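Biologist: Could we go through this model together, one label at a time? I would like to learn where each word comes from.

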Amino acid sequence: MFTLPLIISVSLPIIYAAAAAAHPRNHRQSISFTFGEEYRLQDDSGLSNTQPVFQVTPPDGGLQPTADSSHATTQTTAVLSARPTTVWRPRDPNAYQHARLRSLRLEEDEAVEWEQVEMLGPDVEDKHTLGQLARMTGNAYALPGEKNWYDLDVAWNTSFPYGWEDAADGFRGHVFVSPENSTVILSIKGTTLQGPTSKKDKFNDNLLFSCCCARVDFSWIFSTVCDCYANKSRCDSTCLSNALVQDSLFYNIGVHMINNITALYPTSTIWLVGHSLGGSLASLLGTTFGLPAVAFEAPGERLAATRLSLPLPPDALSAHPPQTHLITSSVSGGGYHGSAPVTHVYHNADPIPQGVCTGFGSPCASAGYALETHCHLGKSIVYDTVGKLCWKVDVRNHVIRTVILDVIERDMVDGWEEDFDGFLREVPKARVEEDCIDCYKWEFGDFKKKDLVSIL
């Protein structure tokens, strides 16, 4: 069972203040974060061994000594833009998991009760906020002070990691907690090509985002992640479902992680962010718990949600005016992928979120990855780097540094898009990916069971 050996930052009260909108249609609020204290969370989820590492400056902006009396600090503030958001959330997370596992293991449906929750979510139309969230995802790959650490607003430059105690533990990143514990941001690491976590990262990539156990061609016969291939482009669905139950799957680890965080901070607003594999995990976990998630350059995770038997939230347009809605645990039982509280952010010169880094001789296949899916949950913000910047589709454009510095934070004189009223957008509009089909060349069913019966 996964425990929570992490360090988190706690600071002074969070400030929600009305902010002037850059456009009259925006209704934004700002969230200010300041430095705080360091706490280590023990295995029993109790807070102890408090060690002040920063002295918080009082509201009047004066000076106070830090834990090291030879230094002083002035008040520093990082501002992220938030806006009122309505999300669908399972009324009982335990009932949700019970329904999911019943569908996954027994292929039986069970109703899940959803409720609409009003909360503050990240303002994904704000360029600065999106850039800061992207930098947080980049920092999930590193520890402070390392060469690949990305500078944030000053108050964010000290963060506290989770999952780094075991060098081979692939599920890791950083946790940021705002003053008074009002807002928690969980940043999840994506795939590392070389390093102690690379083996587990690749296993999760190939299990979640391949059509059938990472079977690309005959050369992969000894390197697939499960034994569900049933000859002639057929794949056994029951076998795939069984493969997704194992404890080594990052999704299952993430569920335990969120359970621990929500138990520790039952009244906090929680946001999830991640890049690549980390983004897909943030999306799947956000959908599971009804938490806003922002995923950067993530492979399509909609098929993974189906295989994990995630009950999806109902279509927002179907609720007039009930605050609860019953759906079954199967994806076809009333859920709508566009209602997931997820915003995907990617650009069209990156082949991975578009599912086109595939086939014999492709960089992904050559490196042992079968990233074949491209359909996403929630809504997607797609930057047209091919049309606007004349970029070529290249897997090297997938790295988070390129996404941060050359896409999200790039100054575009003519904007990335123009609204119908002539408003130039610094961030493209988020849209639901409709009419999207994954793995259309494959046939899925209970083929292994049928083949066994035919043999007998």
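**Talking through the labels**

Modeller: Gladly! This is a predicted model. Let's begin with residues 257-287, where the chain is 61% helix and 23% strand, and the end C-alpha atoms are 15 Å apart.

Biologist: What makes residues 257-287 a stretch to look at, according to UniProt?

Modeller: An unreviewed UniProt entry places the feature "domain: Fungal lipase-type" there. Such annotations may be inferred rather than shown by experiment.

Biologist: Let's turn to pairs of charges. How do you know that Glu 125 and Arg 83 form a salt bridge?

Modeller: The rule asks for a side-chain nitrogen of Lys or Arg within 4 Å of a carboxyl oxygen of Asp or Glu. For Glu 125 and Arg 83 the N to O distance is 3.2 Å, and the pair is listed as a salt bridge. Glu 125 lies in the loop between S9 and helix H2 (127-139) and Arg 83 in strand S8, so the pair ties together parts that are 42 residues apart in sequence.

Biologist: And what are the two partners called, buried or partly exposed?

Modeller: Arg 83, at 18% relative accessibility, counts as buried, while Glu 125, at 28%, is partly exposed. The cut-off for buried is under 20%.

Biologist: Which residues are linked with Arg 83 and Glu 125 in a network of salt bridges?

Modeller: Asp 123, Asp 419 and Arg 425 belong to that network too. Over the whole structure, the search finds 13 salt bridges.

Biologist: What makes Lys 127 and Asp 411 a salt bridge?

Modeller: Their closest N and O atoms are 2.8 Å apart, and the limit is 4 Å. That pair is a salt bridge. Lys 127 lies in helix H2 and Asp 411 in the loop between helix H10 (400-408) and strand S19 (417-418), so parts 284 residues apart in sequence are tied together.

Biologist: Now the backbone. What makes the phi of Glu 297 something to point out?

Modeller: Most residues other than glycine have a negative phi. Glu 297 is not a glycine, yet it has a positive phi of about 50°. Glu 297 is in the loop between S15 and helix H7 (302-307), and with 1% relative accessibility it counts as buried.

Biologist: Which value does the phi of Cys 439 have?

Modeller: It is near 55°, again positive in a residue other than glycine. Cys 439 is in the loop between strand S21 (431-432) and strand S22 (443-445). Its relative accessible area is 9%, so Cys 439 is buried.

Biologist: What makes the nonpolar surface patch?

Modeller: Val 356, Val 386 and Val 393 make it, and the patch is about 230 Å². Patch residues need over 30% relative accessible area. Val 356 has 49%, so it is partly exposed. Val 356 is in the loop between strand S17 (342-347) and helix H8 (363-366).

Biologist: Finally, what makes the lining of the largest pocket?

Modeller: There are 30 lining residues, of which Thr 85, Thr 86, Ala 340, Thr 343 and Lys 379 lie nearest its centre. The pocket has a volume of about 740 Å³. Strands that each supply at least two lining residues include strand S8 (78-90) and strand S9 (112-122). S8 gives the largest share, 6 residues.

Terms used: Residues are numbered from 1 along each chain as its sequence is written. This is a predicted model: local features need pLDDT of at least 70, side-chain atom pairs count only at pLDDT 80 or more; totals for chains, interfaces and linings use all residues. Side-chain values use heavy atoms; hydrogens and water are left out. Helices (H or I, at least four residues) and strands (E, at least two) are DSSP runs, numbered from the N terminus. Patches are made of residues with over 30% relative accessible area and no salt bridge: like charges are joined within 9 Å, nonpolar side chains (Val, Leu, Ile, Met, Phe, Trp, Tyr) within 5 Å. Accessible areas come from the Shrake-Rupley method with a 1.4 Å probe; for residues, only the protein chains shown count as cover. Buried means under 20% relative accessible area, exposed over 50%, partly exposed in between (1.4 Å probe, protein chains only). On a 1 Å grid over the protein atoms alone, a cavity is a set of points where a 1.4 Å probe fits but cannot get out, and a pocket is an open set with protein on both sides within 12 Å along at least five of seven lines; lining residues have an atom within 4 Å of a point. Grid points are joined across faces, edges and corners, and a volume is the space filled by probe spheres set on the points.
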